[in-house]
Each structure stands twice: as structure tokens, then as C-alpha cells.
Amino acid sequence: MIGGRCAGPGCGSRPRPVHGRTRLCEGCFGALRAEVSALPRLFEEHGAALEGSSARMLRPRTGAGSAAAPGIRFNFEASEIRSEILSLLASWSGLVVDERGVAAPRRDTASLAAFLDVHLDWLAAHETASDAAEEFARLARRARGAGRAETSRRVVVGCCVERGCEGRLGVVARAGGSDVVCDADAAHQWSSSEWTRLARQLTGPAATTRWLSAPDIGRLWNMAVGSVYRHASVDGWRKRSSAGRTYYAEADVERTFAARRGRAGA
């Protein structure tokens with residue numbers, strides 16, 4: 001609620017009073033603005049890294065007594081980060097366009113970031129403000145840290161459902177989507193589209209309605225959180241709020257993505 005306590009990623013367990021009419025404190029609001037502004041630069045930096053590494057790695061390598069051999073490699077991490085930056089900026093810009101009825105910006109990182117900066121006060125007062133702040137902070141952190149250390153992209157969701165297996169299941173991001181994978185046996189894995197069936201096994205048949213946060217939905221179906229909110233609005237997902245976060249009925253989410261799979265396969 002506006003006028004309450006911040007739920008942004010910078011406050012942790014000691015949330016500060018919100019800033020003005022937003023849902024974020026002054027520190028989290030400032031950080032959100034800084035991350036939005038930084039993403040176009042990080043996009044270009046990874047573009048340079050992509051081009052530089054490709055040129056360097058595609059150069060033929062020679063060794064004593066051996067024929068020249070091409071060292072063909074591709075910087076998948078830089079490519080993936082650039083794709084995620086553009087997708088994130090476009091998704092949140094799309095939310096602003098849909099709900100405010102304003103003209104869409106050009107689909108390039110500089111235009112999208114400038115557009116979001118203009119509407120940042122509105123976004124910071126939206127019910128999704130804390131999710132936006134968290135998602136921009138996470139992606140900017142990953143973009144800055146790429147190449148320094150390998151970061152885990154696994155999110156644990158429960159115990160393995162296979163009989164006799166004591167492993168833990170986690171959502172693992174892939175280049176083309178996300179999978180739910182057991183850490184004890186790699187053969188125990190499911191695509192994110194099978195999540196509903198798997199979740200029923202995890203919770204049992206008598207479980208009541210399951211609720212998923214927008215970031216969880218984004219990880220499971222490999223999309224930016226802004227796109228999740230757009231689907232929720234267009235398809236009328238049931239929702240509830242808790243501790244400043246919005247959660248959506250899993251059955252409604254699954255219905256939307258089942259329909260998308262049907263259209264893709266038609």
C-alpha cells in the first residue's frame with residue numbers, strides 16, 4: 001500500500017518508509033532508475049564482448065607440426081544477456097503502454113530505457129513496483145558480473161517425486177526455456193510446461209489452489225516479469241496479495257500457457 005513500507009530488493013528484512021507516492025523507498029527508487037539507465041550501456045558492452053570474442057575465437061589457430069584449425073566458439077552468455085536486457089525493457093514498457101494508453105517507443109534499448117524513465121514514477125507506484133525493482137536489479141547485477149564468476153541459475157522448488165529418490169527439484173534456466181531438474185539424478189527432469197502435473201505430485205491431490213508469484217512464473221515459462229503481468233491482465237488471472245507481493249492462481253496460469261502451446265502447434 002502506498003504510504004506504507006518499501007518492498008524493494010534493497011531493503012531486505014528492514015523495509016524503509018516509501019518515497020513520495022511510490023511503493024518504494026528513496027534508495028530502492030533511485031536504484032531502479034539507475035538500473036534502467038544502465039541497461040542500454042550494459043547491452044552495448046556485451047555486444048562489444050560478443051563481437052570481440054567471436055572475432056578472436058574464429059581466428060585460425062596454428063601449432064607446431066599441425067595444420068591450422070578454426071577455434072569456433074560463441075559467447076552464448078553475452079548473447080543471452082543482451083536478449084534478456086531487450087526483453088526486460090520491452091516487457092515493462094509494454095505494461096506501461098497497455099495500462100496508460102500511451103504510444104509505444106521504438107524497440108531498441110536506448111528508446112525503451114528513456115521511455116521507462118519518463119514513466120518511472122507511475123511504475124514505482126504500481127502494484128508490481130517491487131517486482132520491477134527486483135528484476136532490474138537482478139539482471140543488471142548479472143550483466144555486470146558476467147565473465148567474473150559462474151552464478152547459479154537454479155531455484156529449488158521441492159523434493160523429487162520419483163519413487164525412492166532423495167534428490168531436490170530445481171528450476172534451471174536453459175537457452176530455450178526452463179526445466180525442472182533433480183539434483184540427484186539428471187534423468188528426473190520435466191519441462192516447465194509440465195509444472196502443473198508435477199506440482200500436484202509435490203503437494204498431493206487434496207491441496208487447495210496453488211499460488212505463484214510473477215517472478216516464479218517468469219522463471220518457469222522463460223519470460224520477463226512485465227510479460228507475466230500483461231498475460232495476467234489480458235487473461236484475467238485470479239490473484240491475491242501478501243506482504244506487498246501479488247500471486248496468481250496456478251490453474252489460470254497453466255490455462256494461458258496451454259492455449260499458447262496449442263496455437264504454436266496448430
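**Exercise 1. Decide whether Tyr 248 is buried or exposed.**

Tyr 248 has 3% relative accessibility, so Tyr 248 counts as buried. The cut-offs: buried is under 20% relative accessible area, exposed is over 50%, and partly exposed is in between (1.4 Å probe, protein chains only). The model is predicted: local features need pLDDT of at least 70, side-chain atom pairs count only at pLDDT 80 or more, and totals for chains, interfaces and linings use all residues. Residues are numbered from 1 along each chain as its sequence is written, and side-chain values use heavy atoms, with hydrogens and water left out.

**Exercise 2. Find how many aromatic pairs the structure has, and describe the pair of Trp 92 and Tyr 229.**

Step 1. Rings of Phe, Tyr and Trp (its six-membered ring) pair if their centres lie within 6.5 Å; planes under 30 degrees apart are stacked, over 60 edge-to-face, the rest tilted. The whole structure holds 4 such pairs.

Step 2. Trp 92 and Tyr 229 are tilted, at 5.7 Å centre to centre and 50° between the planes.

Step 3. Trp 92 lies in helix 2 (residues 76-100) and Tyr 229 in helix 8 (residues 225-235), so the pair ties together parts 137 residues apart in sequence. Helices (H or I, at least four residues) and strands (E, at least two) are DSSP runs, numbered from the N terminus.

Step 4. Both Trp 92 and Tyr 229 are buried.

**Exercise 3. Describe the pair of Tyr 229 and Tyr 248.**

Step 1. This pair is edge-to-face: 6.2 Å centre to centre, 65° between the planes.

Step 2. Tyr 229 is in helix 8 and Tyr 248 in strand 9 (residues 245-249), 19 residues apart.

Step 3. One aromatic cluster includes Trp 92, Tyr 229, Trp 237, Tyr 248 and Phe 257.
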